[in-house]
Amino acid sequence: MNALLDLAARQLRADLAAAPARTRERFSPEGRAARCRTIAELRALAKRSVPKPIFDYADGAAWDEVTARRNLAAFEDVTLHPKALTDVSAVDLRTTILGGEVALPIIAAPTGLTGLQHPDGEVAIARAAHRAGTITTVSTMASCTLEEVAEASAGRRWFQLYVMSDRGLVDELLARATDNGYEALVLTVDVQVAGVRERDVRNGFSVPPRISLRTLAQGVAHPRWSAGFVANPRMVPANLGWEGSASATLAASVNKAFDPTVTWDDLADLRSRWKGPVIVKGVMRADDAQRCVEHGADALVVSNHGGRQLDGAAASIEALPAIADAVGDRAELYLDSGIRRGTDIVKALALGARAVMIGRALMYGIGAAGEAGARRAFGILDAELRVALALAGYPRAADLGMDAVSVR
Ligand SMILES: Cc1cc2nc3c(=O)[nH]c(=O)nc-3n(C[C@H](O)[C@H](O)[C@H](O)COP(=O)(O)O)c2cc1C
Ligand SMILES: CCCCCCC(=O)C(=O)O
């Protein structure tokens with residue numbers, strides 16, 4: 001009896017000694033992110049973790065945000081036709097992207113100013129993507145330099161280009177991307193001018209951030225975020241020489257720097273100068289998709305930029321079937337805008353995408369907990385996709401086809 005009491009007392013003492021560390025772990029960003037079961041929960045955690053203007057920049061979209069909502073709702077109009085009596089004991093998510101294998105059909109989309117969510121920014125996303133066995137895409141507007149990302153992660157990486165009026169800067173970016181092992185060029189074609197994001201306008205979102213009483217109050221309300229920001233302020237895009245520039249709205253800076261005269265001739269020019277694969281991102285029409293292929297594009301991203309540009313545009317998933325039909329096997333197709341669930345990925349693959357890109361899912365992840373949060377976003381989608389494929393009766397993601405779905 002005494003021995004038992006002695007054992008219980010020792011266990012209790014050990015539990016009490018470990019309690020502070022367990023509590024710290026439990027309430028750390030990493031601990032909280034690990035307990036998120038869905039992308040929606042990661043979003044809620046990010047919303048609590050970063051100042052409102054920063055969350056709104058990532059979460060928000062153009063004008064009435066109709067297209068952003070439609071991107072999510074349109075997945076509900078695609079219904080699945082599960083196949084019966086198929087052995088799904090081993091689900092295989094692997095596929096090939098531009099000739100190289102990836103562990104799952106999910107690619108990190110390019111996102112600008114990622115370092116505002118968390119100072120590790122694109123480095124955190126690149127590391128999480130590498131760990132998940134897939135590719136990261138680094139934006140022209142990235143908060144980390146192309147060199148930092150290349151040094152931090154040995155994973156596959158693509159460079160996303162916005163064509164600037166300063167073509168010397170474009171040439172320099174292309175040379176740096178080549179020198180640092182970026183294997184493909186992703187040309188984004190849907191930011192001819194800045195979309196109007198009214199949340200950003202209301203919040204006075206500017207680059208670099210303008211310090212006011214309102215922003216200071218936001219900083220005080222989010223001390224962990226503020227500590228990260230003070231230690232490593234990632235205030236402007238790191239690859240464009242904007243350091244030290246006067247604070248302005250993002251839209252104004254973009255409209256000053258980006259070239260609105262870009263046409264098919266520029267695609268032809270970039271195609272001839274970039275030695276690796278060229279991917280055109282922001283294609284929403286079958287005729288444009290055909291024309292991209294005729295201009296030598298190796299792949300297209302069917303995307304409306306997550307509803308952040310032309311509000312009122314169709315959902316990407318609505319545009320996909322006609323584009324898949326027009327392109328056939330002449331180019332690879334990826335889809336983004338609205339991916340929040342494994343079932344969304346099943347639907348996109350069934351309708352002709354080879355992979356999906358995820359933007360906000362990763363932004364929520366790093367806003368919630370840096371690299372651990374980005375890993376959690378990949379982890380959630382990987383796990384959901386495995387169950388969805390098993391239940392749909394397709395043990396190999398790469399085998400999904402039109403017979404698996406119908407569109408209402
Ligand atoms: C905060 C944020 C920044 C973005 N920055 C870029 C960018 O610099 N270049 C680009 O091509 N697309 C950019 N996008 C669009 C994404 O690449 C992608 O098309 C979009 O996020 C997909 O929709 P989703 O967020 O619903 O996944 C950005 C998206 C977000 C949310
Ligand atoms: C207001 C236009 C911003 C374009 C650059 C970043 C981006 O693509 C995005 O925020 O979306």
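Start by selecting Arg-271, which sits in helix 13 (residues 264–273); helices (H or I, at least four residues) and strands (E, at least two) are DSSP runs, numbered from the N terminus. This is a predicted model, in which local features need pLDDT of at least 70 and side-chain atom pairs count only at pLDDT 80 or more, while totals for chains, interfaces and linings use all residues. Residues are numbered from 1 along each chain as its sequence is written, chains are lettered from A and ligands numbered from 1 in the order in which they are written, and side-chain values use heavy atoms, with hydrogens and water left out.

Is Arg-271 buried or exposed? With a relative accessibility of 19%, Arg-271 counts as buried; buried means under 20% relative accessible area, exposed over 50%, and partly exposed in between (1.4 Å probe, protein chains only). Setting aside neighbours within four places in sequence, Arg-271 is in contact with Gly-276, Pro-277, Val-278, His-295, Gly-296 and Asp-298, where contact means heavy atoms within 4.5 Å.

Next, go to Arg-199 in helix 9 (residues 198–203). Arg-199 is buried, at 18% relative accessible area. Which side chains does the side chain of Arg-199 meet in polar contacts? One is that of Asp-59, at 3.0 Å, and another is that of Glu-65, at 3.0 Å. Beyond four places in sequence, the contacts of Arg-199 include Phe-55, Asp-56 and Gly-60.

**Helix 4**

Asp-59 leads you to helix 4, where Pro-53, Ile-54, Phe-55, Asp-56, Tyr-57, Ala-58 and Asp-59 are buried. That makes seven of the eight residues of this helix, so helix 4 is mostly covered. To see the cover, show helix 3 (39–49), helix 9, helix 10 (213–221), helix 11 (223–231), helix 12 (250–257) and helix 17, which are included in what covers these buried residues.

Leu-116 lies in the loop between strand 4 (106–108) and helix 6 (121–132), and is buried at 2% relative accessibility.

**Ligand 1**

Select ligand 1 and the 22 residues around it; a residue is near a molecule if one of its heavy atoms lies within 4 Å of it. Pro-110, Ser-139, Thr-188, Asp-336 and Gly-338 come nearest. Helix 4 (52–59) and helix 17 each supply at least two residues of this shell.

- A polar side-chain atom of Ser-139 is 2.6 Å from an oxygen atom of ligand 1.
- A polar side-chain atom of Tyr-162 is 2.9 Å from a nitrogen atom of ligand 1.
- A backbone N or O atom of Gly-359 is 3.0 Å from an oxygen atom of ligand 1.

On its own, ligand 1 has 600 Å² of accessible area, and the protein covers 98% of that; such areas come from the Shrake-Rupley method with a 1.4 Å probe, and for residues only the protein chains shown count as cover.

**Ligand 2**

Keep Tyr-162 selected and turn to ligand 2. A polar side-chain atom of Tyr-162 lies 2.5 Å from an oxygen atom of ligand 2. His-305 has a polar side-chain atom 2.8 Å from an oxygen atom of this ligand, and Arg-308 has one 2.8 Å from an oxygen atom too. Taken alone, ligand 2 exposes 330 Å², of which the protein buries 94%. Around ligand 2 you will also find, among others, Tyr-57, Met-141, Ala-194, Gly-195, Arg-197, Leu-250 and Val-254.

**The nonpolar core**

For the last stop, select Leu-42, Phe-159, Leu-161, Leu-300, Ile-317, Leu-335 and Leu-389, the residues with the most contacts inside the largest nonpolar core, which has 111 residues. A nonpolar core is a set of buried Ala, Val, Leu, Ile, Met, Phe, Trp, Tyr and Cys residues joined through side-chain atoms within 4.5 Å. Helix 17 (residues 360–392) gives the most to this core, with 15 residues. A second, separate core of 14 residues includes Val-102, Trp-158, Val-301 and Tyr-334.

Conventions
A polar contact is a pair of N or O atoms within 3.5 Å; within protein, one must be able to donate a hydrogen and the other to accept it, and residues adjacent in sequence count only if both atoms are side-chain atoms.
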